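Here is a short note for a colleague opening this structure for the first time. Please read the points with the view beside you.

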Amino acid sequence: MKPWLFALPLLACSHAAPPPQTAAAPAAPVRDPLAAFETVRVVLQSPRCVNCHPVGDAPLQGDHGRLHQPLIKRGPEGTGVAGLSCAACHGKENPPASYGAHEPPGVSTGWRLPPAAHPMVFAGLGSAALCEQLKDRERNGGKSMEALIQHVARDPLVLWGWSPGYGRQPVPIAHDEFVRAFRTWAVAGGPCAAPTAHNP
Ligand code: HEC
Ligand code: HEC
């Protein structure tokens, strides 16, 4: 179990029995935004998200990041290249479970990778690099912290990770816990851990 999870029951109880106020005590227990970011990171780097946020210009498939079969290219807008667009196979919703596994999933807003201008690579980054990129408006498609919160809370591409279609594992952390952790990090100004050799 991750160490910060142990802190949750304490936070939950603090309303019932407020600690005696002393000069040294903080006014209220605040969940550590750096710990919250580690929860965010587990989600961003889970297979459902990484497969669309890969290194390079080809999407990935499955739980171990194998290259998409057939080999597919991002194209400038992320929707593929002429003659082989994502929409040729990926529809507006997941196919019914009765079709079985290994069917191309779909979302209402159109299946695609991020555009070539800001590919938003999540795969393989250390905590510090992932954190810096996420909040960098030059690299995140011009999104403010509030826009990022809205994106992770509501965007159909993100929500798909929790209903990915027959035969695929959903993201391993509940969506509301992810959004809560994202908000904790974002409202604290999006602090990033200092890079270390172990976690660049
Ligand atoms: C089908 C491909 C696809 C999947 C799956 C996907 N994303 Fe994305 N993601 C995109 C695209 C495309 C964009 C760019 C959207 C835009 O700029 O409007 C994006 C953008 C983002 C952004 C904002 C940064 C930016 O460039 O706008 C975040 C944060 C994000 N995705 C998180 C996630 C998370 C978390 C998951 C998994 C739960 C996920 N994505 C799954 C395609 C995907
Ligand atoms: C020729 C048909 C075809 C085209 C074109 C195509 N895909 Fe796929 N895609 C599939 C199939 C089939 C699967 C399901 C594979 C499986 O589950 O084993 C899939 C799965 C995926 C997955 C994996 C989902 C997961 O988490 O396992 C991603 C990501 C993906 N496609 C992205 C794209 C993107 C982005 C494009 C366009 C740039 C695209 N695909 C174009 C057929 C296609």
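How many nonpolar, polar and charged residues does the shell around ligand 1 have?

1. The shell around ligand 1 has 14 nonpolar, seven polar and three charged residues. Keep in mind that this is a predicted model. In total, 24 residues surround ligand 1. The closest are Cys-49, Cys-52, Pro-114, Gly-141 and Gly-161.

2. Which helices supply that shell? Helix H2 (33–44), helix H3 (47–50), H5 and helix H6 (156–159) each supply at least two residues of the shell around ligand 1. H5 gives the most, with three residues.

3. Now turn to ligand 2. There are 24 residues around ligand 2. Asn-51, Pro-59, Cys-86, Cys-89 and Pro-104 come nearest. By class, the shell around ligand 2 holds 13 nonpolar, seven polar and four charged residues.

4. Step back to the whole chain. The protein chain has seven helices and four strands. Along the sequence their pattern is α-α-α-β-β-β-β-α-α-α-α. Of the 200 residues in the protein chain, 18% are buried. Take the contacts in the protein chain with a separation of 6 or more: residues 24 or more positions apart account for 61% of them.

5. Next, the helix pairs. Two packed helices are described by the angle between their axes and the distance between the axes. Start with helix H5 (residues 145–154) and helix H7 (residues 175–187), whose axes come within 10 Å and cross at roughly 175°. An angle over 145 degrees counts as roughly antiparallel, so H5 is roughly antiparallel to H7.

6. Which residues make the contact of H5 with H7? From H5 come Met-145, Leu-148, Ile-149, Val-152 and Ala-153. They meet Phe-178, Val-179, Phe-182, Arg-183 and Ala-186 in H7. The residues of this contact divide into nine nonpolar, no polar and one charged.

7. H7 also meets H2. The axes of H2 and H7 come within 8 Å and cross at roughly 135°. H2 and H7 are therefore oblique to each other. Their crossing is left-handed. On the H2 side, the contact is made by Pro-33, Ala-36, Phe-37, Thr-39, Val-40 and Val-43. On the H7 side, Glu-177, Phe-178, Ala-181, Phe-182, Thr-184 and Trp-185 take part. The contact of H2 with H7 has nine nonpolar residues, two polar and one charged.

8. Check the loop between strand E4 (84–85) and helix H4 (127–135), where Pro-115 is found. Is Pro-115 exposed, partly exposed or buried? Pro-115 counts as partly exposed, because it has 15 C-beta neighbours inside 10 Å. Pro-115 and Gly-75 are 40 residues apart in sequence, yet 7.5 Å apart in space, C-alpha to C-alpha. Leaving aside residues up to four places away in sequence, Pro-115 touches Pro-76, Glu-77 and Gly-78.

9. His-102 is not a glycine, but has a positive phi of about 65°. His-102 counts as exposed, because it has 12 C-beta neighbours inside 10 Å. Met-120 is not a glycine either, and has a positive phi of about 45°. With 18 other C-beta atoms within 10 Å, Met-120 is partly exposed.

10. Gln-69 and Pro-70 are joined by a cis peptide bond, with omega about -5°. Pro-70 sits in the loop between strand E2 (66–67) and strand E3 (80–81).

11. Last, look at Asp-155, in the loop between H5 and H6. Is Asp-155 buried or exposed? Asp-155 counts as exposed, because it has 12 C-beta neighbours inside 10 Å. Asp-155 and Thr-109 are 46 residues apart along the chain. Their C-alpha atoms are separated by 8.8 Å.

Key: Residues numbered from 1 in each chain as written. Chains lettered and ligands numbered in written order. Predicted model: local features only at pLDDT ≥ 70, side-chain atom pairs only at ≥ 80, totals over all residues. Axes fitted to C-alpha atoms, helices over the stretch in contact; angles between N-to-C directions. Parallel < 35°, antiparallel > 145°, perpendicular 65-115°, else oblique. Contact = placed C-beta atoms within 7 Å. Nonpolar A, V, L, I, M, F, W, Y, C, P; charged D, E, K, R; others polar. Near = placed C-beta within 6 Å. Left-handed = near helix turned anticlockwise from the far one by under 90°. Buried ≥ 20, exposed ≤ 12 C-beta atoms within 10 Å, placed from the backbone.
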